[in-house]
Amino acid sequence: MRKTSLALALLLVVGTLSATVTAAEKEAPSGVTLTGEIVDLACYLARGGKGPEHAACAAKCAEMGQPVGLAASDGKTYLLMADHADTSAFTKAKSLAGSKVEIKGQVAARDGMSGLTVLAVKTL
């Protein structure tokens, strides 16, 4: 009986660990490559500010610390976020406000908002 109880307890622990790993895998951000325009979200959300005629304003707003996003070719807008381990790609993306770019990163979404952790960026 004791061996049976021990075996059942071991199966329960293994099953719980397996379910935890599976849940963590489902929550892991997905790697993507997206193209679009880097926009300052203050002007973009309030007035639709984007495009070549808005590039100087976007650069100024990003420099002042306004949040920046990617108005992507997939029709979605993503809040751009820095990778905690290496912020250099995000810093470069901010300096490209108003430009058409390709960004490699990881998408995360919560409560109707989508973010993109910037891992690499290049102008198009």
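This briefing covers the fold, confidence and surface of one protein chain, and then one of its residues. The model is predicted: local features need pLDDT of at least 70, side-chain atom pairs count only at pLDDT 80 or more, and totals for chains, interfaces and linings use all residues. Residues are numbered from 1 along each chain as its sequence is written, and side-chain values use heavy atoms, with hydrogens and water left out.

**Fold**
- The protein chain has four helices and five strands; helices (H or I, at least four residues) and strands (E, at least two) are DSSP runs, numbered from the N terminus.
- Along the sequence their order is α-β-α-α-β-β-α-β-β.
- Of the contacts (heavy atoms within 4.5 Å) between residues at least 6 apart in sequence, 64% join residues at least 24 apart.

**Confidence**
- The mean pLDDT (the predictor's confidence in each residue, from 0 to 100) is 84 for the protein chain, and 76% of its residues reach 70 or more.

**Surface**
- Buried residues (under 20% relative accessible area, 1.4 Å probe, protein chains only) make up 30% of the 124 residues.

**Ser73**
- Ser73 lies in the loop between β2 (68–72) and β3.
- Ser73 is exposed (over 50%), because its relative accessible area is 61%.
- Not counting residues up to four places away in sequence, Ser73 touches Thr35 and Gly36.
- Ser73 and Thr35 are 38 residues apart in sequence, yet 5.8 Å apart in space, C-alpha to C-alpha.
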